Amino acid sequence: MNSEPEDTKSQLTQNQETPTKKKKKKKKEKHRAPPTPTPTPLPLPLVQGKAKVRVLHGNPQKAPPFVGYFSSGYDPLRDYSGNNSEGSDGIGSTRVRAYRSQKWPKRVQMVVSPSQSKVDFVGTNYSGEATIGQRYKYALGVFDKESQSLKIVPVACDRVFRLEPKVRGLDVADEEPESSVKEEISAQQKADKMKELTILFGTKKSIKEAKKKHSLNQEDNPKSQEELGGRIKEVKIKKEALESTSANIARNVPPYDASATSPQEAYPLDKIILQGEWGFLEDIFERLQVGAEVPTNTYPTFVCNRIHKLQEIQDEAEKRTLSCIFSYITHLIKYKDQHSMDGVSSAKGHRIPSILSQKFSTIFSPISKRLAADKIDLLISYVLVLALYADEFRTDPSDIAKDLRMSPIKLRVHYEHLGCKLSRKDNLLLFTLPLPLQFPAVRQKRRR
């Protein structure tokens, strides 16, 4: 019982002694070193009562402010050169620069270079702390004592730089750590991620389409190749239709009827020259009606050598049909010259009716003002079929070969693809169209 109050008394005396000792120490410290004068802050009620607060919102035409902080404890306001003269200030001799990447414009680098130092402070918005997701918003406040105004400017998360010391002259500042750099995702990785997201969160239809697309893209998978081979074996193939389509594509011929009984039915004229096109092909017929001559520099040699046939025909409908065929041949040859290197000068100034020009561009589809090789063969086939009509299906290839700028030997191959046969009459080589049509066999290249 008597021990308890003694303990309490001793505790009280200890508590009373400790503050007295602290006071003595403080008094001794005051005598040793006078305290440095600290600037007295403005009273808080004065600022709140008179200061004008203005919030500046972001402007896309102006660059937002950059904020940098030194993780090493460096003070840019302090003079580290040892010069204590008045007016010497560290911020005036510090150089601040910002660099933007040309390849990735969103990447910015901030460099602070103090004078009389070999160390630069470098910060980026694409490495280090900047790669971590930011959940905070920052703002920069500037207080003007004279006008008693406070301006607050929002600062984006990617404009806050952690400045790390780097030795000047070394390439350490330019190197980026592999783990912190956001590398560009390849197309395959992006497709894989989209597939995973579709399987997790997509609808049944989108999941089904994704699986179907994935199965079609599995070219190197042996299992998918076996399944595809089995499905192909189950498909029934019509050999006759396949042979006819492949032969038609290889020959590049106009519309034809293999079961025709007359040459006019073999290559129907109404499928080559449509009904609405005849009215735009009467230029030669109108010249003959007036009695004007057909200029040789405007029309091909094939047409000029056969104008006498038109003059000998008495039936007006037959004369009109043949003259329209000659005009159609002329437009085809000029269209070929307009889209070739060696015939542009001869086709200069020639006007093709718009209805025919649209039809030719659809059938022959020129690419970059040039015709493909298969389209040139198709155009030549159209010309040769109309030449057979003009010569009653017994034609001499010498003049039409000159107009097409080809040798008669090369032109012979095109006639054979149309089903024509070569015959000789009075020392002249003529191509005829025997019936039924017999096309040459399509030669397939052997696999090595």
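Strand E4 (residues 108-114) and strand E5 pair in the antiparallel sense over 4 bridges; two strands count as paired if DSSP finds at least two bridges between them. Helices (H or I, at least four residues) and strands (E, at least two) are DSSP runs, numbered from the N terminus. The model is predicted: local features need pLDDT of at least 70, side-chain atom pairs count only at pLDDT 80 or more, and totals for chains, interfaces and linings use all residues. Residues are numbered from 1 along each chain as its sequence is written, and side-chain values use heavy atoms, with hydrogens and water left out.

Within this pairing, Gln109 has Thr124 of E5 as its bridge partner. The hairpin of E4 and E5 has 4 residues between the strands, and Gln116 there takes a positive phi near 55°. E5 is also joined to strand E8 (residues 160-167) by 4 bridges, again antiparallel, and Phe121 has Pro165 of E8 as its bridge partner. Of the 6 residues of E5 (residues 119-124), 5 are buried, so this strand is largely enclosed by the rest of the structure. Buried means under 20% relative accessible area, exposed over 50%, and partly exposed in between (1.4 Å probe, protein chains only).

An open sheet of 3 strands has the order E9-E11-E10, with antiparallel pairing. E9 (394-395) and E10 (421-425) stand at its edges with a single partner strand each, so one side of each has no neighbour in the sheet. E10 and E11 (residues 428-432) are joined by 5 bridges, and Arg424 has Leu429 of E11 as its bridge partner.

Next come the helices. The axes of H13 (residues 373-390) and H15 (residues 408-417) come within 10 Å and cross at roughly 80°. Axes are lines fitted to C-alpha atoms, for helices over the stretch in contact, and angles run from 0 to 180 degrees between N-to-C directions. H13 is therefore roughly perpendicular to H15; angles under 35 degrees count as roughly parallel, over 145 as roughly antiparallel, 65 to 115 as roughly perpendicular and the rest as oblique. Asp377, Ile380, Leu384 and Leu388 of H13 make the contact with Leu411, His414 and Tyr415 of H15, where contact means heavy atoms within 4.5 Å.

The axes of H8 (residues 283-290) and H11 (residues 316-338) come within 7 Å and cross at roughly 130°, which means that H8 is oblique to H11.

Asp399 lies in helix H14 (residues 397-403) and is buried, with a relative accessible area of 9%.
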